[in-house]
Amino acid sequence: MTVLKPMLKLALFPLLLLLILVQWAGIFLTTFSSVVTNLLAGLFFFTALACWVMGLADGGEVLKMLITGFVVFTLPYIAMALIAKISYFGDELRDFLQS
């Protein structure tokens with residue numbers, strides 16, 4: 001076991017570097033996309049609200065627009081949860097490599 005553990009650590013080190021790179025890229029892309037998707041979700045929401053108030057769309061179409069806006073709004077938060085899982089896995093791998 002004393003021979004296998006250092007070899008395993010050496011083999012897993014590139015995986016740790018890859019996880020860190022994926023985490024950084026994911027944080028950057030999620031931060032940027034959250035601004036864009038929040039603007040898009042707001043556009044969906046206010047368009048649905050304006051169409052409903054002015055009577056241009058019935059309730060079903062307004063509901064579809066509101067659901068679409070909500071889905072677009074939640075996409076970055078789903079991505080943030082995935083990035084948190086990648087970060088947790090990277091932390092566990094780092095702990096193993098430091099042991």
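Predicted model: local features only at pLDDT ≥ 70, side-chain atom pairs only at ≥ 80, totals over all residues.
Which residue forms a salt bridge with D91? Residues are numbered from 1 along each chain as its sequence is written, and side-chain values use heavy atoms, leaving out hydrogens and water.

Start with helix α1 (residues 4-54) and helix α2 (residues 59-98), whose axes come within 7 Å and cross at roughly 165 degrees. That makes α1 roughly antiparallel to α2, a term for angles over 145 degrees. Helices here are DSSP runs of H or I with at least four residues, and axes are lines fitted to C-alpha atoms over the stretch in contact, with angles from 0 to 180 degrees between N-to-C directions.

Now for the pair promised above. D91 forms a salt bridge with R94, their closest N and O atoms being 2.9 Å apart; the rule asks for a Lys or Arg side-chain nitrogen within 4 Å of an Asp or Glu carboxyl oxygen. Because D91 and R94 are three residues apart in helix α2, about one helical turn separates them.

Note on methods. Helix = DSSP H or I, 4+ residues; strand = E, 2+ residues; numbered from the N terminus. Parallel < 35°, antiparallel > 145°, perpendicular 65-115°, else oblique.
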